[in-house]
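Colleague: I would like a close look at one residue, and then at the chains around it. Please keep it brisk and give the cut-offs as you go.

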Amino acid sequence: MNVTEQMITILMVVLGTMVTRFLPFLVFPSGKPTPKYIQYLGKVLPAAVFGLLVVYCLKGVTIFAGSHGIPELISILFVVLLHLWKRQMLFSIAGGTICYMLLVQLVF
Amino acid sequence: MKKEKSPVWKAAKAAFPHTIPIFAGFWFLSLTYGIYMNVSGFSFWYPMLMSLTIFAGSIEFVTVNMLLGAFNPLQAFAMTLMINARHLFYGISMLDKYRGMGWKKFYLIFGMCDESFSINYTADIPKDVDRGWFMFFVTLFNHFYWFSGSTLGGIFGSLIHFNTEGLEFVMTAMFVVIFMEQWMKEKKHTSALLGLGISFLCLIAFGAEQFIIPAMIAILGILTLLRTPIEKGGETA
């Protein structure tokens, strides 16, 4: 990607973010009730999107080559354990990242 | 007028304590984000510009990946809409609270990240504090924490002498934690499991570079088809 393409990409992300933030204020200008379908999506979509994001993060993992995704698997389990234990977001994120860094730097 | 009596100053002082936990969290994540951009080969101008204009943490991490990949503006736009779709529902919740805020309303909506939304939605603002300025400062402080951390990470990332290999896992860890938080809050997990399962199938079927948009369409389609059983199952209660 050249600089122009990078700027266009960033601009698209800015635009997309602004659409998601401003749209409700444009579509539902006053206290009218929100359509039921939109309310439904508001409740069920986030969980599915977070699932998609987890898969997105792992899209580069190769099961049949390299480290076979073992450092990723161990680190994710570690994040889950830390989070079940303390339920402190930053603690779980930091712990999992350090675990992964140690694994890929020292073991695999 | 003495400085202490100005409603603006008063609102700033009332807002600041609410943002202290965000300061800690944002600095950890934004410094990491700036360092991550730096070690990915980007000048500090990138995290600086992106933290200022995008101001939405998770998509900024994803944008680093997109900038390193092939040029695909449509996918960048669609990906952003999908990741930030939750903002639509923050907006719906804030329709009343942000009403009548004049010029500040534009900035309040522009800066409505997860954390600004959470505070402005839940904070008990004292009666004698101007609500518009209070919410304005919550947003501004958060924006500044994110911006300063990202920029410093971008500048000083090159001075870091420890081995940063594997630092990119911070994004995976963050989404795993967010996924778990969502999981713990809900009674039934149909949507969460659908999201994981459909995405995984699409990854296998379409490959790493092409799977996102089909996965998004499939998730939206299947959730729409399953609306009646999911609503009857009490998932949305």
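Where is the place of A:Ala94?

Modeller: A:Ala94 sits in helix H4 (residues 89–107) of chain A. Helices here are DSSP runs of H or I, at least four residues, strands are E runs of at least two, and both are numbered from the N terminus. This is a predicted model, where local features need pLDDT of at least 70, side-chain atom pairs count only at pLDDT 80 or more, and totals for chains, interfaces and linings use all residues. Residues are numbered from 1 along each chain as its sequence is written, while chains are lettered from A and ligands numbered from 1 in the order in which they are written.

A:Ala94 counts as partly exposed because 18 C-beta neighbours lie inside 10 Å. The scale is this: 20 or more other C-beta atoms within 10 Å make a residue buried, 12 or fewer make it exposed, and partly exposed is in between, with C-beta atoms placed from the backbone. A:Leu82 is twelve residues from A:Ala94 in sequence, and their C-alpha atoms are 10.0 Å apart.

Take A:Arg21 next. It lies in helix H1 (residues 3–27) of chain A. A:Arg21 is buried, because 24 other C-beta atoms fall within 10 Å. Leaving out residues up to four places away in sequence, A:Arg21 touches B:His87, B:Gly91, B:Ile109, B:Phe110 and B:Met112. Contact means that C-beta atoms, placed from the backbone, lie within 7 Å. A:Val61 is 40 residues from A:Arg21 along the chain, and 33 Å separate their C-alpha atoms.

Two non-glycine residues have a positive phi. A:His68, with a phi of about 60 degrees, is in the loop between H2 and helix H3 (70–86) of chain A. It is partly exposed, with 13 other C-beta atoms within 10 Å. B:Phe55 has a phi of about 45 degrees and sits in the loop between helix H2 (45–53) and helix H3 (57–68) of chain B. B:Phe55 is buried, with 23 other C-beta atoms within 10 Å.

Now chain B as a whole. It has twelve helices and zero strands. Its C-alpha trace spans about 65 × 55 × 30 Å along the principal axes. Of its 237 residues, 43% are buried. Take the contacts in chain B between residues at least 6 apart in sequence: 76% of them join residues at least 24 apart.

Chain B is assigned domain 1 (3–159) and domain 2 (186–232). Such bounds come from an automatic or database domain assignment. The two domain centres, taken over C-alpha atoms, are 28 Å apart. Their contact takes five residues from domain 1 of chain B and four from domain 2 of chain B. The domain 1 side has three nonpolar, two polar and no charged residues. In these classes Ala, Val, Leu, Ile, Met, Phe, Trp, Tyr, Cys and Pro are nonpolar, Asp, Glu, Lys and Arg are charged, and the others, Gly among them, are polar.

On to the interface between the chains. Here 68 residues of chain B are in contact with 57 residues of chain A. Helix H9 (residues 169–185) of chain B gives the largest share of the chain B side, 13 residues. That side has 46 nonpolar, 15 polar and seven charged residues.

One helix pair links the chains. The axes of H2(A) and helix H10 (residues 190–206) of chain B come within 7 Å and cross at roughly 35 degrees. Axes are lines fitted to C-alpha atoms, for helices over the stretch in contact, and angles run from 0 to 180 degrees between N-to-C directions. The contact divides into 13 nonpolar, four polar and no charged residues.

Last, the core. A nonpolar core is a set of buried Ala, Val, Leu, Ile, Met, Phe, Trp, Tyr and Cys residues joined through C-beta atoms within 7 Å. The largest one has 94 residues, and A:Ala48, A:Leu53, B:Phe175, B:Val176, B:Ala215 and B:Ile219 touch the most other members. Its largest share, 13 residues, comes from helix H2 (residues 36–57) of chain A. B:Ile219 touches A:Ala48, A:Leu52, B:Leu194, B:Gly195 and B:Ile198, not counting residues up to four places away in sequence.

Note on methods: Two residues are in contact if their C-beta atoms, placed from the backbone, lie within 7 Å.
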